[in-house]
Amino acid sequence: MRAPSIVVLTGAGISKESGLDTFRDADGIWARVRIEDVATPEAFARDKARVHEFYNQRRRGLLAGNVAPNAAHRALARLEEAWPGDFLLVTQNIDNLHERAGSKRLVHMHGELLKARCLHCGNVTPCEEDLAESRACLVCGQLGGLRPHVVWFGEMPLEMERIELALADCDLFVSIGTSGNVYPAAGFVAEARAAGARTVELNLEPSAGRSLFHEARHGLATALVPAFVDELLAQCGR
Ligand code: APR
């Protein structure tokens, strides 16, 4: 009898208690900035400097000394380490808090704030400084081609085949800190259910997909996630 396989999906809510803004809360990013101005290929074609500044501000905020993984990030790394079955963490977040907490079997389906992609040569390179049209690609040396390695609205998320395979085979799907508003991530719970998985939502409030979850626990991620991980590991004697 194989150990159950787990797929975890996280959203901005898991990083909120680390000091990073969510998108659709009252104090969220989209309450201050329009998606059409900073998070679409058309916005980048129209005003590169505006888009670079939006991500430069978020990159500086992420790298500020007071932003660190919280108990929820750490609990997921602990679960991955101790779990006897297959485990995949899919995050919609572009921050690096899961990695810094120790997660390894991790997919950033919406890209990563600390990476840049060159439109000339296609290479993705680490990026911890401000991006600008004047910056040259570290690989091909050309100017004017660097963009944040972030998936914009209207673009295809990353590693979807790997995610779909994991969902088709999972026994437990856990959604944490996401409002369930953006597809394809918002559709993962239905795919997991169709595969026969038990589905659990851990979120501050009911998400848009609440009715698709077998179980929902509402509260702060730093309280819900460690407790849930402790229960899971106790069930398998870890
Ligand atoms: N603990 C748990 N959940 C929280 C907390 C917290 N401390 N704070 C907020 N939340 C919940 C909110 O109730 C909300 O349901 O996290 C969710 C955040 O939802 P969104 O702001 O919509 O963020 P997310 O679901 O990750 O957005 C998905 O949309 O804009 C795009 O690319 C962007 O990846 C993002 C995607």
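Which residue in β9 is the bridge partner of Asn 203? Read on to the first legend for the reply. This is a predicted model, in which local features need pLDDT of at least 70, side-chain atom pairs count only at pLDDT 80 or more, and totals for chains, interfaces and linings use all residues. Residues are numbered from 1 along each chain as its sequence is written, and side-chain values use heavy atoms, with hydrogens and water left out.

**View 1. The parallel sheet and the bridge at Asn 203.** Six strands make an open sheet with parallel pairing, in the order β3-β2-β1-β7-β8-β9. Strands here are DSSP runs of E with at least two residues, helices are runs of H or I with at least four, and both are numbered from the N terminus; two strands pair if DSSP finds at least two bridges between them. At the edges, pairing on one side only, are β3 (106–108) and β9 (215–218). Neighbouring strands are turned by 15° against each other on average, direction ignored. Strand β8 (residues 198–203) runs parallel to β9, joined by four bridges, and the partner of Asn 203 in β9 is His 218.

View 2. Helix α5 (residues 71–82) lies across β1 (6–10), β2 (87–91) and β7 (172–176), and runs at about 155° to β2. Helix α9 (residues 221–235) also packs on the sheet, where it touches β1, β7, β8 and β9, and its direction makes about 150° with that of β8. Contact means heavy atoms within 4.5 Å; axes are lines fitted to C-alpha atoms, for helices over the stretch in contact, and angles run from 0 to 180 degrees between N-to-C directions.

**View 3. The antiparallel sheet.** Three strands, in the order β5-β4-β6, form an open sheet with antiparallel pairing. Its edge strands, each pairing on one side only, are β5 (124–126) and β6 (146–150). Four bridges hold the antiparallel pairing of β4 (residues 111–118) with β6, and Gly 111 stands opposite Val 150 in β6. Helix α4 (residues 48–63) lies across β4 and β6, at about 135° to β4.

**View 4. Around the ligand.** Of the 23 residues around the ligand, those that come nearest are Phe 23, Arg 24, Trp 30, Thr 178 and Ser 179; a residue counts as near if one of its heavy atoms lies within 4 Å. Polar contacts are pairs of N or O atoms within 3.5 Å. A polar side-chain atom of Trp 30 is 2.8 Å from a ligand oxygen atom, while a polar backbone atom of Gln 92 lies 3.2 Å from an oxygen atom of the ligand. For Ala 221, a polar backbone atom is 2.9 Å from a ligand nitrogen atom. The ligand taken alone exposes 740 Å², and the protein buries 96% of that (Shrake-Rupley method, 1.4 Å probe).

**View 5. Trp 30 and Phe 54.** The structure holds seven aromatic pairs, where rings of Phe, Tyr and Trp (its six-membered ring) pair if their centres lie within 6.5 Å, and planes under 30 degrees apart count as stacked, over 60 as edge-to-face and the rest as tilted. Trp 30 and Phe 54 form a stacked pair, 6.0 Å centre to centre with 20° between the planes. Trp 30 sits in the loop between α1 (13–16) and α2 (35–38), and Phe 54 in helix α4, 24 residues apart.

**View 6. Two backbone details.** Tyr 183 and Pro 184 are joined by a cis peptide bond, with omega about 5°; Pro 184 belongs to the loop between β7 and α8 (188–194). Glu 159, in the loop between β6 and α7 (160–168), has phi near 55°, a positive value in a residue other than glycine.

Key:
A polar contact is a pair of N or O atoms within 3.5 Å; within protein, one must be able to donate a hydrogen and the other to accept it, and residues adjacent in sequence count only if both atoms are side-chain atoms.
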